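Visitor: I'd like to go through a model with you. Can you put it up?

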Amino acid sequence: MESSSTTKSVSNLKRPDDAGTRRRMDLRPSNRRALALASEVIAAVRPEQLGLPTPCSAWTVGDLLRHMISQNKRFAAAARGEEADAACPLDGGELGADPAAIYRDSADLAVAAYLVEDIADRRMVLEELPGPLPALVAISFHFTDSLVHGWDVARSIGVPFQPPAELSSAALGIASRIPDDARGPGGAFGPVVEPVSNASDFDRLLCLVGRNPFWATPVT
């Protein structure tokens with residue numbers, strides 16, 4: 001789905017191929033913070049806002065939350081060496097009566113799964129990744145996906161979302177490796193949006209994954 005997810009159909013994504021580099025890019029603490037930021041935003045979503053449009057043009061807020069919940073569960077399962085589809089269908093996370101609580105629980109699953117001592121030596125297999133991938137590389141994609149989608153939800157419901165500079169910088173580094181052939185029709189990302197001259201790292205990140213940093217919900 002074009003410009004919807006930072007983890008989907010990135011078969012040619014440029015990625016580190018030596019163990020030392022992969023260990024240096026251990027973004028588990030950053031991922032945990034990104035999940036917490038997204039959780040705060042999702043807690044502000046009201047039931048009547050689930051049908052609102054999002055910067056992911058084909059998804060409503062409810063669709064986006066289902067994707068985010070499914071990604072947390074699927075990445076957690078893959079980190080444990082289990083079948084992701086058995087944990088949750090792709091983009092099929094259930095919202096239940098309390099989507100915020102469901103999201104928090106799914107995020108906790110991912111955080112816990114990533115804490116194993118040998119995570120740097122594991123590989124993760126998911127349909128939406130060009131796998132199998134070194135686990136730390138896969139987690140870096142989950143981190144970027146969670147950070148960007150936190151912004152998506154925030155813009156959709158009209159609440160602020162400004163991640164700390166160090167998270168924005170780290171995610172920008174991940175997004176900078178997206179190849180051109182992963183963009184456009186049939187790709188995981190929309191075309192790069194030209195950032196303004198004084199754009200922050202976070203706005204540059206959004207531009208690299210096909211988002212317009214000035215996107216606003218058309219619903220008033």
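**Packing notes**

Guide: Phe202 is buried, at a relative accessible area of 2%; buried means under 20%, exposed over 50% and partly exposed in between, with a 1.4 Å probe and protein chains only. This is a predicted model, in which local features need pLDDT of at least 70 and side-chain atom pairs count only at pLDDT 80 or more, while totals for chains, interfaces and linings use all residues. Residues are numbered from 1 along each chain as its sequence is written, and side-chain values use heavy atoms, leaving out hydrogens and water.

Visitor: How many aromatic pairs are there in the whole structure?

Guide: The search finds 1. The rings of Phe161 and Phe202 have centres 6.0 Å apart and planes at 55°, so the pair is tilted. Rings of Phe, Tyr and Trp (its six-membered ring) pair with centres within 6.5 Å; planes under 30 degrees apart are stacked, over 60 edge-to-face, the rest tilted.

Visitor: Where do Phe161 and Phe202 lie?

Guide: Phe161 lies in the loop between α6 (135-157) and α7 (165-175), and Phe202 in helix α8 (residues 201-208), so the pair ties together parts 41 residues apart in sequence. Helices are DSSP runs (H or I, at least four residues), numbered from the N terminus.

Visitor: Phe161, buried or exposed?

Guide: Phe161 counts as buried, at 11% relative accessibility.

Visitor: Other topic. What does Ile42 touch?

Guide: Leaving aside residues up to four places away in sequence, Ile42 touches Leu65, Met68, Pro99, Ala100, Tyr103 and Val153; contact means heavy atoms within 4.5 Å. Ile42 is in helix α2 (residues 28-42) and is buried at 3%.

Visitor: And what covers the buried residues of α5?

Guide: The cover includes α2, α3 (61-79) and α6. Among the buried residues of α5 are Pro99, Ala100 and Tyr103.

Key. Helix = DSSP H or I, 4+ residues; strand = E, 2+ residues; numbered from the N terminus.
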